[in-house]
Amino acid sequence: MGTEILRRRRQEADEADEQKRRRIMLNEGRRERIEQRIMDEGELRKFLELFLPRIKRICLVCLLLDEVYDDHDLNSCERIKKALKKVGVESWQKAKRGVYDANSCCYRCSRPSEMCDMAQFGLSQSCSEPDVIFPTVMMGWLDEDMRMKDIVEEVAGRKIRNVHDLLKCMGGRHFEKTLQAKGTKIYAGWVRIMSENKEKLERELGEEDMDIDSDLRDYGDEDELSDELSEESEEDLYG
Ligand SMILES: [Zn+2]
Ligand SMILES: [Zn+2]
């Protein structure tokens, strides 16, 4: 009888050890995944900040369509105008009015408020950055030649019926962070489009001024990692 109890205790202790070991392995795996994600996001964010000044000077939609892109910008693109007219939209600038939820992003440049020098102080109306985001996502869904309908609908989370449906579905506040910033699904869709076309953009917009500011290089540091880890552990507690 005594040996039976001892045997059972030893077995329980072994099982507890095994569980502990498994938990540690799981945590390590998760930590690695989070580290990888932060690295990818940090790299993508650096890329976007570096290329934004160049993207602003050209027509991003025509670049993505392999058309002539360096003699006009998104504001004056005839191809966009034509595509929108076909679906009864006068211009993307007009279509944009009233699309965004209050304080969901910068109304002017469409970036998350915290990424815009003006919007972060509630001064969206003073932002003079051109919007390279809104028209690109609109065309990404509308123009079959861009072959990005699937990406946009994936970010939207459902099939989109028409342009108005697209704006209704994606203009609101997005509760998931995109590159660690809170914005709209339109911004999230743009980041996906940029991410899919990173190599093409690098090829087309070249290697000039490739210096990365040191404050950008620090992006994705340990603090953020531990923040994310503690967030996840909290989920475990309640999940
Ligand atoms: Zn164009
Ligand atoms: Zn702005």
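Two residues are taken to be in contact if their C-beta atoms, placed from the backbone, lie within 7 Å. With that in hand, here are my notes on this predicted model.

1. **Trp-190 and its partners.** Once neighbours within four places in sequence are set aside, Trp-190 is in contact with Ile-133, Thr-136 and Val-137. Trp-190 also belongs to the largest nonpolar core, where Val-61, Ile-80, Val-137, Met-138 and Trp-190 touch the most other members.

2. **The core as a whole.** At least two of its residues come from each of α2 (60-64), α3 (78-86), α5, α6, α7 (163-170) and α8. Which helix gives the most? That is α8, with seven residues.

3. **The overall plan.** For orientation, the protein chain holds eleven helices and zero strands. Read from the N terminus on, the elements run α-α-α-α-α-α-α-α-α-α-α. The chain has 239 residues, and buried residues make up 27% of them. Among contacts with a separation of 6 or more, 55% are between residues 24 or more positions apart.

4. **α5 against α6.** Helix α5 covers residues 134-142 and helix α6 covers residues 149-156; their axes come within 7 Å and cross at roughly 115 degrees. The two helices are therefore roughly perpendicular to each other. The crossing in which α5 passes α6 is left-handed. On the α5 side the contact is made by Val-137, Gly-140 and Trp-141, and on the α6 side by Lys-149, Ile-151 and Val-152. Sorted by class, these are four nonpolar, one polar and one charged residues.

5. **α6 against α8.** Next along is the packing of α6 with helix α8 (residues 185-196), where the angle is about 140 degrees and the axes are 9 Å apart. That makes α6 oblique to α8. This crossing is right-handed, whereas the one of α5 and α6 is left-handed. From α6, the residues Ile-151, Val-152, Val-155 and Ala-156 meet Lys-185, Ala-188, Gly-189, Arg-192, Ile-193 and Glu-196 of α8. The classes here are six nonpolar, one polar and three charged residues.

6. **Thr-184, a buried loop residue.** Thr-184 sits in the loop between α7 and α8. Is Thr-184 buried or exposed? Thr-184 has 25 other C-beta atoms within 10 Å, so it is buried. Beyond its neighbours within four places in sequence, Thr-184 is in contact with Tyr-100, Ser-104, Cys-105, Met-170, Gly-171, Gly-172, Arg-173 and His-174. The C-alpha atoms of Thr-184 and Pro-112 are separated by 7.3 Å, although the two are 72 residues apart along the chain.

7. **Val-87, an exposed loop residue.** Val-87 lies in the loop between α3 and α4 (92-96). Val-87 counts as exposed because it has 12 C-beta neighbours inside 10 Å, and the cut-off for exposed is 12 or fewer. Leaving aside neighbours within four places in sequence, Val-87 is in contact with Leu-142, Asn-162 and Val-163. One of these, Asn-162, is 75 residues away in sequence, with a C-alpha to C-alpha distance of 8.6 Å.

8. **Two positive phi values to check by eye.** Asn-103 is not a glycine, yet it has a positive phi of about 60 degrees. Asn-103 is in the loop between α4 and α5 and is partly exposed, with 13 other C-beta atoms within 10 Å. Leu-179 is also not a glycine and has a positive phi of about 50 degrees. The place of Leu-179 is the loop between α7 and α8, and with 20 C-beta neighbours inside 10 Å it counts as buried.

Notes:
Residues are numbered from 1 along each chain as its sequence is written. Chains are lettered from A and ligands numbered from 1 in the order in which they are written. This is a predicted model: local features need pLDDT of at least 70, side-chain atom pairs count only at pLDDT 80 or more; totals for chains, interfaces and linings use all residues. Axes are lines fitted to C-alpha atoms, for helices over the stretch in contact, and angles run from 0 to 180 degrees between N-to-C directions. Helices (H or I, at least four residues) and strands (E, at least two) are DSSP runs, numbered from the N terminus. Angles under 35 degrees count as roughly parallel, over 145 as roughly antiparallel, 65 to 115 as roughly perpendicular and the rest as oblique. A crossing is left-handed if the near helix is turned anticlockwise from the far one by less than a right angle, and right-handed if clockwise. Ala, Val, Leu, Ile, Met, Phe, Trp, Tyr, Cys and Pro count as nonpolar, Asp, Glu, Lys and Arg as charged, and the others, Gly among them, as polar. A nonpolar core is a set of buried Ala, Val, Leu, Ile, Met, Phe, Trp, Tyr and Cys residues joined through C-beta atoms within 7 Å.
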